[in-house]
Amino acid sequence: MSVPIWSQPRIAIVTGGGSGIGVAVSERLAADGAAVAVFDLDGESAAATAAGIETAGGTALAVVCDVADRAAIEAGVAETVERLGRPTILINNAGITPFGRFLEISRESFDQVIAVNLRGTFEFCQVVIPHMVEEGWGRIVNISSSSAQTGNFGQTHYSASKAAVIGLTKSLAKEFGRKGITVNAVPPSFVETPSLHRAAEAGQLGRGIEEHIPTTPVRRVGQPADIAAACAFLCRDDAGYITGQVLGVNGGRVIV
Ligand code: NAP
């Protein structure tokens, strides 16, 4: 006997679904049976993720969308409703990961990281939550970062944006719990994605990715599937008593 994941068909939106963690989350939710709208700035990568899901027998839709553009969010969500149905699962994963010494960070760079990582998450929630309220059920997972918990050298703007995502998550959980909507945050640490490789190539990870394995309690680099598994768990029907929580998926690198 197995416990059903959902009592009825679910439609999910995954932002930044064209690369790294977003691909794994999209594929995992689709494998669990959700129809997945894969949103990304890059239409080709979103289409590739959606095509992979369809080839594996799932249902997916690719949507080109800049999460920093409110009109694009509204249009993308409307397209999702029309083609798949009301979204009741939202994974706010799209993010940018700039590095820079504090005294050299420009206002433009600060504004951009806030616009994508924080305002994008905030506005996606504003546009999608009414559909969840209408359905009386919803699951939101906001991808934060361990740097929000620990701070990170050279990432004041990024860490601030990701810490704010945790505050947003906790407040939304309090406001919408009564509507059947849970809101949780997953702060990853050191997950092998194109973004991590770019940071390594730019010399932002010391001597490279491998150097950090001995200091990671589980002695390996995180994989996108590790984050996807946590998101899938938080989106289940039977995770309905978990809300406003911060579930670190970090191999024990950060224990708070
Ligand atoms: P990634 O491989 O760079 O993927 C991020 C995706 O988001 C890309 O497809 C990117 O599109 C998209 N994106 C960026 N800006 C966007 C925008 N304005 N609108 C829509 N899509 C946009 O990065 P990742 O490592 O998988 O990271 C995913 C999330 O996890 C991010 O929020 C990141 O901060 C967080 N995170 C990752 C790690 C890690 O170790 N990997 C650690 C902590 C937190 P383009 O490629 O076209 O730019």
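**The ligand site**

Author: A polar side-chain atom of Ser-19 lies 2.7 Å from an oxygen atom of the ligand, a polar contact being a pair of N or O atoms within 3.5 Å. This is a predicted model, in which local features need pLDDT of at least 70 and side-chain atom pairs count only at pLDDT 80 or more, while totals for chains, interfaces and linings use all residues. Residues are numbered from 1 along each chain as its sequence is written, and side-chain values use heavy atoms, with hydrogens and water left out.

The backbone also takes part: an N or O atom of the Ile-21 backbone is 2.9 Å from a ligand oxygen atom, and a polar backbone atom of Asn-93 lies 2.7 Å from an oxygen atom of the ligand. Of the 880 Å² of accessible area that the ligand has on its own, the protein covers 88% (Shrake-Rupley method, 1.4 Å probe).

The shell around the ligand holds 30 residues, of which Ser-19, Asp-40, Tyr-158, Val-191 and Thr-193 come nearest; a residue belongs to it if one of its heavy atoms lies within 4 Å of the ligand. By class, the shell divides into 14 nonpolar, 11 polar and 5 charged residues, with Ala, Val, Leu, Ile, Met, Phe, Trp, Tyr, Cys and Pro counted as nonpolar, Asp, Glu, Lys and Arg as charged, and the others, Gly among them, as polar. Helix 7 gives the most to this shell, 4 residues (helices are DSSP runs of H or I, at least four residues, numbered from the N terminus).

The ligand takes up the space of the largest pocket, and a molecule sits in a pocket if more than half of its atoms lie within 2 Å of the grid points. A pocket is an open set of points on a 1 Å grid over the protein atoms alone, where a 1.4 Å probe fits, with protein on both sides within 12 Å along at least five of seven lines; lining residues have an atom within 4 Å of a point. The lining of the largest pocket comprises 46 residues, and Gly-95, Thr-97, Tyr-158, Thr-193 and Ser-195 lie nearest the pocket centre. Helix 7 supplies the largest share of this lining, 5 residues.

Definitions and conventions:
Polar contact = N/O pair within 3.5 Å; in protein donor to acceptor, adjacent residues only side chain to side chain. Helix = DSSP H or I, 4+ residues; strand = E, 2+ residues; numbered from the N terminus.
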